[in-house]
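Please keep the sequence and the structure in view while reading.

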Amino acid sequence: MKKLSLRTRVLTGAVAVAALGAGTFGAMSANASTPASAPAAAVKADAANDNLQQTTHLTVAAATKAARATLDAAKKENQRVSVAVVDRNGNTVVALRGDGAGPQSYDAAQKKAFTAVSWNAPTSELAKRLTNAPTLKDIPGTLFLAGGAPVQVSGAPIAGIGVAGAPSGDLDEKFAQAGVASLAR
């Protein structure tokens with residue numbers, strides 16, 4: 001068999017690649033013009049057959065109102081704090097770092113809010129539970145220090161408010177409770 005020149009081999013390779021590309025493009029074009037199969041029938045989901053569960057969430061406006069009320073309560077007592085409001089799932093809706101609040105307070109406020117909504121209890125009460133269950137503190141994202149308060153509707157948690165930065169957790173929790181109370185007005 002005769003050996004092909006470099007030019008012939010390159011040209012032959014280019015033609016093969018072009019042919020393969022054209023075939024692929026043609027196959028893709030054919031698939032694009034083929035109508036898609038009909039979607040699967042939608043499953044009917046309604047409250048009557050227990051497929052749905054309704055939950056209550058704070059609006060951004062309500063969460064902001066609570067956060068502002070919290071900062072205002074702290075300001076009246078000349079305290080510099082951060083506040084976080086989380087939804088029922090622990091996702092932060094609003095977080096405000098008050099003027100002059102320490103850098104650690106922002107993260108601590110979010111963790112306190114998360115902890116309060118997760119257990120539907122003020123974090124001061126939850127801190128007392130560590131005596132009987134010390135491993136609770138090992139759950140990621142939690143902080144078992146006073147300063148977190150749940151927001152409830154009919155006894156069920158719908159949000160959490162966390163405050164950090166005051167010289168005591170009792171003050172932090174007092175300000176968090178002011179945020180909760182603002183939602184009733």
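**From a hairpin to the core**

In this predicted model, the hairpin of S3 and S4 has two residues between its strands, and Ser 154 there takes a positive phi near 55 degrees. The two strands, S3 (residues 148–153) and S4, pair in the antiparallel sense over six bridges. One of the pairings joins Ala 149 to its bridge partner in S4, Ile 161.

Positive phi values also occur after two of the helices. Asn 78, which follows H2, has a positive phi near 60 degrees, and Asn 120, which follows H3, has a positive phi near 55 degrees.

Helix H2 spans residues 60–76, a run of 17 residues, and reaches 24 Å from its first C-alpha to its last, close to the 24 Å expected at 1.5 Å a residue. Its buried residues are Ala 62, Ala 63, Ala 66, Ala 67, Ala 69, Thr 70, Leu 71, Ala 73 and Ala 74. An α-helix has 3.6 residues a turn, so residues three or four places apart point the same way. What covers the buried residues of H2 includes strands S1 (82–87), S2 (92–97) and S4 (156–164), together with helix H5 (169–182).

Helix H3 (residues 103–119) buries Ser 105, Ala 108, Ala 109, Lys 112, Ala 113, Thr 115, Ala 116 and Val 117. The cover over these residues includes S1, helix H4 (123–129), S3, S4 and H5.

Where do the nonpolar side chains gather? The largest nonpolar core has 20 residues, and those with the most contacts inside it are Val 81, Val 83, Val 151, Ile 161, Val 163 and Phe 175. At least two residues of this core come from each of H2, S1, S3, S4 and H5, and H2 gives the most, with six residues. Leaving aside neighbours within four places in sequence, Phe 175 is in contact with Thr 70, Ala 73, Ala 74, Glu 77, Gln 79, Val 81, Val 163 and Ala 166. A second, separate core of five residues includes Ala 121, Leu 130, Leu 136 and Phe 144.

H2 also takes part in the largest pocket, giving the most to its lining, with five residues. About 280 Å³ of space lies in this pocket. Its lining consists of Arg 68, Leu 71, Asp 72, Ala 74, Lys 75, Asn 78, Gln 79, Arg 80, Val 81, Arg 97, Gly 98 and Asp 99. Among these, Leu 71 and Ala 74 are also buried residues of H2, while Val 81 is also one of the residues with the most contacts inside the largest nonpolar core.

Key. Residues numbered from 1 in each chain as written. Predicted model: local features only at pLDDT ≥ 70, side-chain atom pairs only at ≥ 80, totals over all residues. Heavy atoms only, no water. Helix = DSSP H or I, 4+ residues; strand = E, 2+ residues; numbered from the N terminus. Expected span 1.5 Å × (residues − 1). Buried < 20%, exposed > 50% of the residue type's maximum accessible area, 1.4 Å probe, protein only. Contact = heavy atoms within 4.5 Å. Pairing = 2+ DSSP bridges. Core = buried A, V, L, I, M, F, W, Y, C linked by side-chain atoms within 4.5 Å. 1 Å grid on protein atoms, 1.4 Å probe; cavity = no way out; pocket = protein on both sides within 12 Å on 5 of 7 lines; lining within 4 Å. Points joined across faces, edges and corners; volume = space filled by probe spheres on them.
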